[in-house]
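Please look at the model first.

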Amino acid sequence: MHWAEYVLLFTAAAMAGAVNSVAGGGTLLTFPALLWSGQLAIVANATSTVALVPGALSSFWGYRSELSSSRGELAALAVPSFAGGALGALLLLRTSNEMFSLLVPYLILLATMLFIAQEPLSRWLRRRARGPHDPAADAAVVDAPPRRTRLRWAGVLVFQLLVGLYGGYFGAGIGILMLAAFGFLGFTNIHHMNALKNLNGTAINALAAGMFIYEGLVDWRLASLMAAGAIVGGYAGAGTARRVGQRVVRRTIILIGLSLTVWLLIQQSW
């Protein structure tokens, strides 16, 4: 390989680590870069997954303070994340990803639309639950802790299993899917949501990475280079997100989601 290809792969991984720390979708940077360098598709997918795990851990470390009161939530979400990641990786090893790839842009678009609608929808539901209109109460309820029912938790856990299944299979955009689910559950602090998303994304990809390593599908030379880039980008991305504020991060997430959708649809038309 030419030195320029190594530079490209490191840069793509660094950018992917930063993107994953905010919303997810870094695979859509690393996977094409590996294909461009001449790797087979299944090797590119496996190498990309392994390379991004350290970056996900570093971005989670940047958000660690947001999880001090989330042990119950982490335990509940970890089970479907691990199970889904293992099942998705097994599916990848045994089937073609052509049919599922056709669904990816529409899934990401749906998740992005849900994320856009999450904040106004949550406010409307809280006002509706209060009954009679009370302007003073409305002003206070906007920031009130949302109600997380058992039914909502059950729905999110099932959805998380499906996200894990997709994440183990290919993984592009799982962060956006998880953020949409957390919004439905009633979370409103984007940094807290990102912390949960990063940790569960790591759980999904770690199991898939282990299976890919066992099957001997990983190019370790490139995986090591890209892992270093992902670590740098992941930690820097988490710190940047905390500094710029929730509004900017939300807009960035929406932009990433829409951009991924358009990019994938264009790729399918080629």
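## Basis

Helix axes here are lines fitted to C-alpha atoms, over the stretch in contact, and angles run from 0 to 180 degrees between N-to-C directions. Two packed helices are described by the angle between their axes and the distance between the axes. The model is predicted.

## Packing of α7 and α9

Helix α7 spans residues 150-169 and helix α9 spans residues 190-214. Their axes lie 9 Å apart, at an angle of about 40°. The two helices are therefore oblique to each other. The crossing of α7 past α9 is right-handed.

On the α7 side, the contact uses Q160, V163, G164, G167 and G168. On the α9 side, N200, I204, N205, A208 and F212 take part. By class, the contact residues are four nonpolar and six polar, with no charged residue.

## The aromatic pair

How many aromatic pairs does a search of the whole structure find? The search finds one. F31 and F170 make up this pair.

F31 sits in helix α2 (residues 27-36). F170 sits in the loop between α7 and α8 (174-185). The pair therefore ties together parts that are 139 residues apart in sequence.

## Burial of the two rings

Are F31 and F170 buried or exposed? F31 has 13% relative accessibility, so F31 counts as buried. F170 is also buried, because its relative accessible area is 11%. The cut-off for buried is under 20%.

Notes: Residues numbered from 1 in each chain as written. Predicted model: local features only at pLDDT ≥ 70, side-chain atom pairs only at ≥ 80, totals over all residues. Heavy atoms only, no water. Helix = DSSP H or I, 4+ residues; strand = E, 2+ residues; numbered from the N terminus. Parallel < 35°, antiparallel > 145°, perpendicular 65-115°, else oblique. Left-handed = near helix turned anticlockwise from the far one by under 90°. Contact = heavy atoms within 4.5 Å. Nonpolar A, V, L, I, M, F, W, Y, C, P; charged D, E, K, R; others polar. Phe/Tyr/Trp six-rings, centres within 6.5 Å; stacked < 30°, edge-to-face > 60°. Buried < 20%, exposed > 50% of the residue type's maximum accessible area, 1.4 Å probe, protein only.
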